[in-house]
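Please walk through this chain with the model open beside the text. Begin with the whole, then turn to single sites.

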Amino acid sequence: MGWLNKILGGSSHRKHYHGTRGGYRSWDETHNSEDELADHEREEVDYAIALSLAEEDLKGKRVIEVDEDNHSEGEGQPPNVGSEEDEQVGQKEDEYFEAPKEEAKDIQSQLEDDEQLAKAIQESLSLELPPRYENGSNLRPNPFFFPSGYRICAGCNAEIGGGRFLNCMGSVWHPECFRCHACNRPISEHEFSVWENRPYHKSCYKVLHHPRCDVCSGYIPTNAAGLIEYRAHPFWLQKYCPSHERDGTPRCCSCERMETRDTRYLSLDDGRKLCLECLDSAIMDTNECQPLYLEIREFYEGLNMKVEQQIPLLLVERQALNEAREGEKGVNHHMPETRGLCLSEEQCVTTIVRRPRIGAGYRFIEMITEPYRLVRHCEVTAILILYGLPRLLTGSILAHELMHAWLRLKGYRNLSPEVEEGICQVLAHMWLDSEMYSSSGSDVTSSSSSSSSPSSSSSTPSSSKKGLRSDFEKKLGEFFKHQIESDSSAAYGGGFRLGNQAVLKYGLRSTLDHISLTGSFPL
């Protein structure tokens with residue numbers, strides 16, 4: 001089997017393994033094509049097989065020559081026909097000539113094995129050459145490899161020679177050219193921030209783009225997952241840290257904004273907080289609210305819904321309002337906090353007769369109250385409104401409660417909360433619409449109203465005059481409308497949306513007639 005070693009020795013010098021780069025092997029090739037290599041290998045295999053057969057043929061010839069010599073020696077002896085000796089010689093000769101036949105079979109079997117082995121080796125040597133890539137190399141090109149002379153700095157557009165360079169944001173940079181877009185100093189830290197495909201120091205990015213809390217003015221912290229989490233008011237979009245919902249930070253009882261660190265809210269006697277912007281138009285006592293009450297009665301008269309009875313209107317504290325609510329029989333309230341009531345029972349109510357003044361510690365002091373005895377002259381004994389609210393919010397609550405009074409006086413009985421509270425919210429929204437349009441110089445009221453809004457009394461204080469509102473008060477009016485429109489409760493929010501849809505489609509008078517007949521909104 002010496003030819004086997006020769007074949008392997010002859011093929012081993014054609015491919016040399018140098019190592020790995022990027023997971024791909026490198027080979028040195030000494031042949032131009034795979035076909036040339038295969039032809040040469042087949043020639044060597046054929047030569048080895050022929051050499052093996054020749055050697056075996058020579059062995060067979062030597063056996064035959066020995067056989068002929070023995071046979072010539074036998075011819076020199078005299079023939080002894082029929083003797084024992086001749087029989088023995090004949091047997092030896094038979095045995096002697098049978099031996100080459102058996103050896104020939106062994107040789108034939110060995111040749112077949114050699115041929116099979118040669119074929120197997122030939123097939124194993126028919127290897128596929130490693131693939132070549134566009135650059136003519138057996139190595140797969142490295143996407144992050146920049147040949148010298150092709151590394152162009154993305155900062156200065158100059159060639160990057162030897163030495164250190166940075167590979168980030170899909171480009172290469174001189175270390176001194178990779179700079180923060182904010183401070184224009186090199187970024188040497190391992191981590192940096194990216195905004196609009198521009199690099200920043202993490203500290204610079206935080207100053208420019210990290211959201212700050214509108215309450216404490218600090219950076220809004222990240223949560224356990226490393227994400228920036230904050231709360232925001234749906235209308236005012238005031239951003240604040242989630243912790244301010246639990247740390248007792250005050251909210252304005254009117255606009256719902258949180259008290260910031262650089263402002264102070266006023267404290268009312270019943271524990272509510274009032275911001276300075278809402279304080280500008282706040283109505284603080286019963287006498288101050290009477291002109292607004294007359295305006296809203298005129299608004300109803302313009303809708304052909306005049307309230308004939310003189311129903312008392314009283315501004316009260318929160319405690320007095322809650323006590324009066326408890327004194328009403330068979331009346332269900334569907335708001336978490338009551339800010340207005342339409343009473344039907346006789347009872348004694350404590351009302352505010354003179355507005356308080358601001359004292360030390362941003363607190364209201366010297367508020368004067370007195371008891372007021374309610375006497376039943378009709379289905380409605382009084383309307384109570386929570387004091388200390390801005391004019392537009394006070395007016396929308398008053399328009400809502402006056403609609404309750406109108407329904408009772410007109411004989412609308414046993415209405416579901418969704419229908420009764422819903423139509424009352426529609427009237428409150430219509431009044432806000434009329435106020436917002438009138439402040440912009442338009443005589444047009446709500447789209448569902450059939451007449452213009454009433455004019456104000458000449459004796460109305462400046463806080464309740466139409467057309468003299470600040471930009472904040474206009475924004476506040478939009479907020480109160482937004483509150484009515486987005487209310488999630490079934491009675492107030494759901495009822496308003498059904499009622500407003502019916503009024504816009506059929507008009508206010510037809511909707512009220514349908515409610516009187518069926519107790520529901522028209523579809």
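This is a predicted model: local features need pLDDT of at least 70, side-chain atom pairs count only at pLDDT 80 or more; totals for chains, interfaces and linings use all residues.

Residues are numbered from 1 along each chain as its sequence is written, and side-chain values use heavy atoms, with hydrogens and water left out.

The protein chain has 12 helices and 19 strands. Helices (H or I, at least four residues) and strands (E, at least two) are DSSP runs, numbered from the N terminus. The chain holds 523 residues, and 39% of them count as buried. Buried means under 20% relative accessible area, exposed over 50%, and partly exposed in between, with a 1.4 Å probe and protein chains only. Take the contacts between residues at least 6 apart in sequence: 56% of them join residues at least 24 apart. Contact means heavy atoms within 4.5 Å.

Start with S193, in strand β5 (residues 193–195). S193 counts as buried because its relative accessibility is 11%. Beyond four places in sequence, S193 contacts R198, P199, Y200, K202 and Y205. S193 and Y205 lie 12 residues apart in sequence, and their C-alpha atoms are 6.6 Å apart.

Next comes S267, in strand β9 (residues 266–267). S267 is buried too, at a relative accessible area of 7%. Its side chain makes a polar contact with the side chain of K273, at 2.7 Å. A polar contact is a pair of N or O atoms within 3.5 Å; within protein, one must be able to donate a hydrogen and the other to accept it, and residues adjacent in sequence count only if both atoms are side-chain atoms. Leaving out residues up to four places away, S267 touches R272, K273, Y362, R363 and F364.

Now look at strand β13 (residues 340–343), where G340 and C342 point one way, L341 and L343 point the other way, and all are buried. β13 runs antiparallel to strand β18 (residues 382–386), and four bridges join them. Two strands pair if DSSP finds at least two bridges between them. L343 stands opposite A382 in β18.

Finish with helix α8 (residues 391–409) and helix α10 (residues 471–486). They pack at an angle of about 35°, their axes 9 Å apart. Axes are lines fitted to C-alpha atoms, for helices over the stretch in contact, and angles run from 0 to 180 degrees between N-to-C directions. R391, L392 and L393 in α8 meet E473, G477 and F480 in α10.
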